[in-house]
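Here is a quick tour for anyone meeting this structure for the first time. Have a look at the sequence and the model, then read on.

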Amino acid sequence: MIDASRFLSDLHHLRSFGAQGAGVIRPAYSPPDIAARDWLAGRMRTAGLKVQFDAMGNLFGLAEGPSLLLGSHSDTQPTGGWLDGALGVIAALEIARAAHEAGGPAISVVSFQDEEGRFGGTTGSAVWTGLMTLAEADAAVDTDGITLADARRALDGRAGPDVDPAPFTGFIELHIEQGPSLDVAGEQIGVVTDIVGYRQTTVTLTGQQNHAGTTPMALRRDTFQGLSAFNTRLNDRLRNVVTPQSVWTIGHVAVAPNASSIVPGQVRFSMQWRDGNKDRLDRMQGVIETTLAEVCAEMGLGLAMEPILGLDPVAMDEGLRARLATAAEAVAPGRWRQMPSGALHDAANVARLMPVAMLFVPSIGGISHAFEEDTTEEDLIVGLKVLARAAGVSA
């Protein structure tokens, strides 16, 4: 039987790796991340699991024979919350431990690496599932100019052979909602129907660096003004394409030379868009590309776009979903719903290999990717119990 106190104790201990105030700073391959993975590996061993790191640093705790895989990720945003990903890993650990103590069923555990995108987003599960090669991942560069290949050296001999996905009968990921729906409705569980798709690229606008006091406005090739014009025009043009659930974000901007008395000669920025419909994602891409080209032509700017990365929307497996729904009604009768995930998760990659499903617990105030991220202990335990029931383990 699962032990809620043991679960909460482990969850709070994982929080200590990279803790800063109420939040956590534990980016992929950082010293706190590696230390957390070593601690998790030890906890997996005491749970009767065989521990294995793969070349990316994905950490598996493997049960013998065919097993259901549970887990999530344990890296965080550069300044992140304490539950994002960590909840799914520790809940999986507790359920695997309880199953081992009871003599079954076979439950394996995973903590994927770099889900939060230091090198692009869900990178560890993308390599494990064959969405990208290790060589392709190694070439990725973070915002400080460090390659993933260099960052992986922090594994320092931990990495072993690839983990064969064949013995896994399916994958279920428990996660905080990261939005307000459950919290506002006073509900405790969301059974995920599908994960939205996303597209992402990095755009570089090149103009002419020049003196801010002597260059007439009409003669400027100001890349920041180009970015501003693009953003304003894009918001207007997407209105006829999107739904209220569609989102798009310019999330990282680097202005060069970034000085108060110089007209910016270059701007580099991320462009990401998400939607539950693949055709709409493609239409949004067309609007983005056309608008960029028009603004650059009008303002005399050079334009370069990196290859577009992303995933198509992914539907959850009906059988696993039904198990979660049955468990949710048993544990939280009348206080759960079926809902899509607007956030990206490792489960979207794992769906390439096996049946997958997800469930959510509420995020207080809908806050995530911030130090203020939190969920009540009652709701954390309810999520654990629903996942355990769905996995066939006594709650």
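## Rings and a glycine

Phe-60 and Phe-112 are both buried. Keep in mind that this is a predicted model. The structure holds 9 aromatic pairs, and these two residues make one of them, an edge-to-face pair. Phe-60 comes from strand β4 (residues 59-62) and Phe-112 from strand β6 (residues 107-112), so the pair links distant parts of the chain, 52 residues apart.

Phe-60 also pairs with Trp-128, and here the planes sit at 50 degrees, so this pair is tilted. Trp-128 belongs to helix α4 (residues 123-128), which means that the pair ties strand β4 to a part 68 residues away in sequence.

| Pair | Centre to centre | Angle between planes | Kind |
|---|---|---|---|
| Phe-60 and Phe-112 | 6.2 Å | 85 degrees | edge-to-face |
| Phe-60 and Trp-128 | 5.2 Å | 50 degrees | tilted |

Which residues do ring pairs link into a cluster? They are Phe-60, Phe-112, Trp-128, Phe-168 and Phe-171.

Now for the glycine. Gly-197 is found in strand β9 (residues 197-206). Is Gly-197 buried or exposed? With a relative accessible area of 0%, Gly-197 is buried. Beyond its neighbours within four places in sequence, Gly-197 is in contact with several residues, including Trp-273, Arg-274, Leu-281 and Asp-312. Gly-197 and Asp-312 are 115 residues apart in sequence, yet 4.4 Å apart in space, C-alpha to C-alpha.

Definitions and conventions
Residues numbered from 1 in each chain as written. Predicted model: local features only at pLDDT ≥ 70, side-chain atom pairs only at ≥ 80, totals over all residues. Heavy atoms only, no water. Phe/Tyr/Trp six-rings, centres within 6.5 Å; stacked < 30°, edge-to-face > 60°. Helix = DSSP H or I, 4+ residues; strand = E, 2+ residues; numbered from the N terminus. Buried < 20%, exposed > 50% of the residue type's maximum accessible area, 1.4 Å probe, protein only. Contact = heavy atoms within 4.5 Å.
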